Amino acid sequence: MKQLVTSIMVSLISFSSFGQTDEAYNQAIESFQNYYNVKQYDSIYGMFSDNMKQLITPDVLKMQMDSFHELAGEFEAFSLLKSLPEEKIFKVTHKKNIWEYQMTLNDENMITGLKPQPHTSPDVKVIERNTTKMIVPFKDEWYVFWGGTDVVQNYHVAHENQKYAYDILMEVDGSTHKGDSKNNESYYVFGKDIIAPCDGKIVQIITGVHDNIPGELNPGQLTGNTVVIETGLKEYIMFAHLKQGSIVVKEGQKVKRGELLGQCGNSGNTTEAHLHISLQNQVELFGATGGKLFFEKILVNGEIREDYIPVKGDRIKNIEN
Ligand SMILES: [Zn+2]
């Protein structure tokens, strides 16, 4: 199983530069906007400095821009957010979400650095860890495929918005499935109930995403069928890749710990059935910062552990059910 939710960042390398005028920057970003919206990426490439061209080929730029298009949609408007001597930061409204572009130009007004990052509201505070007490959101014993706080045990750590997320599935005798590997029903975890780990309110539902044929990805709908719970302490728990048609809760609904949410599936950017669960500081994954998700009191490899972060290789289960 490879990475299950891809990175949503496009980033180009930045070089320090000289103080160009606001007008030069405005012209550069306007040209970028025009070329980007009609997918004329060769013209964007033509705006790059020689240094940039040594680091990125037109083909790679095209790939990055295509996936950025998928994620962000059309470039609608921009405004200058921050002006530093060697770079400008623009707030850029795309059709689907808002970004901050960090841009640098050289003395010939060629682009020497361009880095779009999700725009985050300064009012949203980072949540280091949950205070809300959690059980694990399933019955029986599941296997932690990715989990923990370092990038070796948990590739999610490299991604700000899903830092410390878990990918959890079921494993028997070293395998996640039995029978035809191209059939979702062969996977032990496919269709298993996902339950609320705590009391809360449902604040986001995404439905209608098909379950992939195992091995195939759906990068246009990263999280697939999704549920987000808001706890009383404004901590957000996101459940991704649920089975199509399985979600039984509605937006605005209050749920109790242990209540059924839906079933584990293989929808979105995932190669096989598993549950992706993470703690976020806001409803939207885009622009969120992930936090450490601790479980109050659970069985880990058969032993009771309290206030615990499961790590790769752990077999975890609630004490009851
Ligand atoms: Zn994941």
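Predicted model: local features only at pLDDT ≥ 70, side-chain atom pairs only at ≥ 80, totals over all residues.
Residues are numbered from 1 along each chain as its sequence is written.

**Helix H1**
- H1 runs over residues 22–37 and has 16 residues. Helices (H or I, at least four residues) and strands (E, at least two) are DSSP runs, numbered from the N terminus.
- From first C-alpha to last, H1 reaches 22 Å, close to the 22 Å expected at 1.5 Å a residue. The expected span is 1.5 Å times one less than the number of residues.
- Tyr25, Ala28, Ile29, Phe32 and Tyr36 are buried in H1. They cover an arc of only 90° around the axis, so they sit on the same side of H1. The arc is that of the directions from the helix axis to the C-beta atoms.
- The cover over the buried residues of H1 includes helix H2 (41–45), helix H4 (58–72) and strand E1 (75–83).

**Aspartate 211**
- Where is aspartate 211 placed? It is in the loop between strand E8 (200–206) and strand E9 (225–230).
- Aspartate 211 is buried, because 24 other C-beta atoms lie within 10 Å.
- Aspartate 211 and glycine 268 are 57 residues apart in sequence, yet 7.4 Å apart in space, C-alpha to C-alpha.
- Beyond its neighbours within four places in sequence, aspartate 211 is in contact with residues including Asn184, Lys243 and Gln244. Contact means that the C-beta atoms, placed from the backbone, lie within 7 Å.

**Domains**
- The domain assignment gives domain 1 (22–118) and domain 2 (142–318). Such bounds come from an automatic or database assignment.
- The C-alpha centres of domain 1 and domain 2 lie 34 Å apart.
- Four residues of domain 1 are in contact with four residues of domain 2.

**Whole chain**
- The chain has four helices and 17 strands.
- Buried residues make up 39% of the 321 residues.
- The C-alpha trace spans about 65 × 45 × 35 Å along its principal axes.
- Among contacts with a separation of 6 or more, 63% join residues 24 or more positions apart.

Key. Buried ≥ 20, exposed ≤ 12 C-beta atoms within 10 Å, placed from the backbone. Contact = placed C-beta atoms within 7 Å.
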